[in-house]
Amino acid sequence: MKEKNGLKAEVAGAGFAGLVAATTLAQQGWDVTLHERGEEMRPLGAGIVLWNNSLQVLKAIDAYDTLLPHTMVPPYYETRIHNESVSKEDFDGLPWRTMTRRALHEALADAAIQSGVKILVNSEVVAADPAGSLTLASGEVRHADLIVGADGVTSQVRDSIGFEQERTRSKDGVTRLIVPRCKEELGGGDEWDNVIDFWNFEPRVLRVLYVPCNEDELYIALMAPIEDEEGSAIPVNYDVWVESHPYLAPVLREAAKITEGRYDGYQTNVLKNWSNGRVALVGDSAHAMCPALAQGAGTAMTNAYTMAMAVSARPENLPETLVAWEAEERGITDRCQAKSAWYAETRNMSKGNQFTPEVLETAAYDPTEKHVNHV
Ligand code: FAD
Ligand code: 3HM
């Protein structure tokens, strides 16, 4: 923790991006208030895969050690077409880990509280001003040196200012659920510790991404085209899914019991700029992406961290610092977003062996390397 620097930040949204931005700023000496519109802080979604880029951020902000016992490193990322294995990738030692979103969110919320971030729940942000203010639904206007829009894909901070953006929706979407591992019922054996990406194209497109998160919990993402009403139905239509993936029957039976699931279409938003005056956008508000490369939260956390470090190192002319930060960090996110959209469009992840060094560029990035003064 650094000494207080007399600077004030207001952060909208306590998702992964907002928590990392708020924690990093507080550790660098800022007085930080984090606004979450929900009644409590909790993550959307089920499980998640993180790679070196975000794992390094977690280390830098002291959230890694709390999280580690709740994560696992599956032996392989396997891809199967019609249950025939086409590849088993281990990324040549590149760090990656699977976990539930709940575990990640709890570790980040703990780090934020430990770092002195003031967290306000039931605090909805309705607008922001590039001169340095945030307006809450209560009517209160709060002024600060830095305003962070980490309020997700439907960002009020972004839309109240009118950032120029292009939005694209994909043809596929997923239902994401946490179910018991069911390892023995599946037949036992080490293969059930792998991430397994089960792609079926005949008689219809139905894919199951199987992601063990720890000894007890399994994350499954059931992908179906938006136009497939049965495939995208909630609760999960057991008969339709088990017909396509009979070897996953125990897991699908558990999935069909869950009534509060959600089917989400994939979407991409590309903004002309990520900042305007004293307002910086981080995470899905700035660059929502298709999940194919599992980097939406990874890039969100990476950009939240590098933004917070940049404004802490050069707070004097903050709007210029934000422009320089974007110029430095944006390329790697843009490339990842474009590749993720291409994979969603072509469904080419089904071919296996897709994690080439070029595709793993974002995953391999270490955003903490150039910021040696983080603790
Ligand atoms: P969000 O998680 O959306 O958080 C925004 C927060 O702001 C929420 O808490 C919300 O309640 C709050 N909020 C919203 N509006 C307001 C307001 N007006 N005022 C106050 N608070 C507000 N990424 C990975 O890295 N790895 C993966 O494996 C992965 N898998 C994915 C699978 C699927 C199917 C999908 C759809 C996405 C996946 N992602 C993955 C992407 C990842 O989920 C998102 O990119 C990430 O959660 C974005 O974080 P965020 O903090 O920017 O936004
Ligand atoms: C981890 C992960 N990877 C890919 C997808 C996808 O392409 O839908 C979803 C995920 O949760």
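I began with helix 10, which runs over residues 296-313, and counted 18 residues in it. From first C-alpha to last it reaches 26 Å, close to the 26 Å expected at 1.5 Å a residue. A reminder to myself: this is a predicted model.

Next I asked how many residues of helix 10 are buried. The tally came to 17 of its 18, and I noted the helix as mostly covered.

**Ligand 1**

I found 29 residues surrounding ligand 1, and the closest are E36, R101, D284, A297 and G298. Sorted by class, that shell holds twelve nonpolar, ten polar and seven charged residues.

Then I looked up backbone atoms beside the ligand. F16 has a backbone N or O atom 3.2 Å from an oxygen atom of ligand 1. Taken alone, ligand 1 exposes 1,000 Å², of which the protein buries 88%. Two or more residues of its shell come from each of helix 1, strand 3 (47-51), strand 13 (165-180) and helix 10.

**Ligand 2**

What lies around ligand 2? My list reads V49, V174, R207, L209, Y219, Y266, P291, A292 and A294. By class I have eight nonpolar residues, one charged and no polar ones.

I checked the side chains for N or O atoms beside the ligand's oxygen atoms. R207 has one 3.0 Å from an oxygen atom of ligand 2, and Y266 has one at 2.4 Å from an oxygen atom of the ligand. On the backbone, a polar atom of P291 sits 3.4 Å from a nitrogen atom of ligand 2. On its own this ligand exposes 300 Å², and the protein buries 94% of that.

**Q27**

My last stop was Q27, which I found in helix 1 (residues 16-27). Is Q27 buried or exposed? I put it down as buried, because its relative accessibility is 8% and the cut-off for buried is under 20%. Its side chain makes a polar contact with the side chain of S115, at 3.1 Å. Leaving aside residues up to four places away in sequence, I see Q27 touching M1, K2, A60, I61 and S115.

Conventions
Residues are numbered from 1 along each chain as its sequence is written. Chains are lettered from A and ligands numbered from 1 in the order in which they are written. This is a predicted model: local features need pLDDT of at least 70, side-chain atom pairs count only at pLDDT 80 or more; totals for chains, interfaces and linings use all residues. Side-chain values use heavy atoms; hydrogens and water are left out. Helices (H or I, at least four residues) and strands (E, at least two) are DSSP runs, numbered from the N terminus. The expected span of a helix is 1.5 Å times one less than its number of residues. Buried means under 20% relative accessible area, exposed over 50%, partly exposed in between (1.4 Å probe, protein chains only). A polar contact is a pair of N or O atoms within 3.5 Å; within protein, one must be able to donate a hydrogen and the other to accept it, and residues adjacent in sequence count only if both atoms are side-chain atoms. Contact means heavy atoms within 4.5 Å. A residue is near a molecule or strand if one of its heavy atoms lies within 4 Å of it. Accessible areas come from the Shrake-Rupley method with a 1.4 Å probe; for residues, only the protein chains shown count as cover. Ala, Val, Leu, Ile, Met, Phe, Trp, Tyr, Cys and Pro count as nonpolar, Asp, Glu, Lys and Arg as charged, and the others, Gly among them, as polar.
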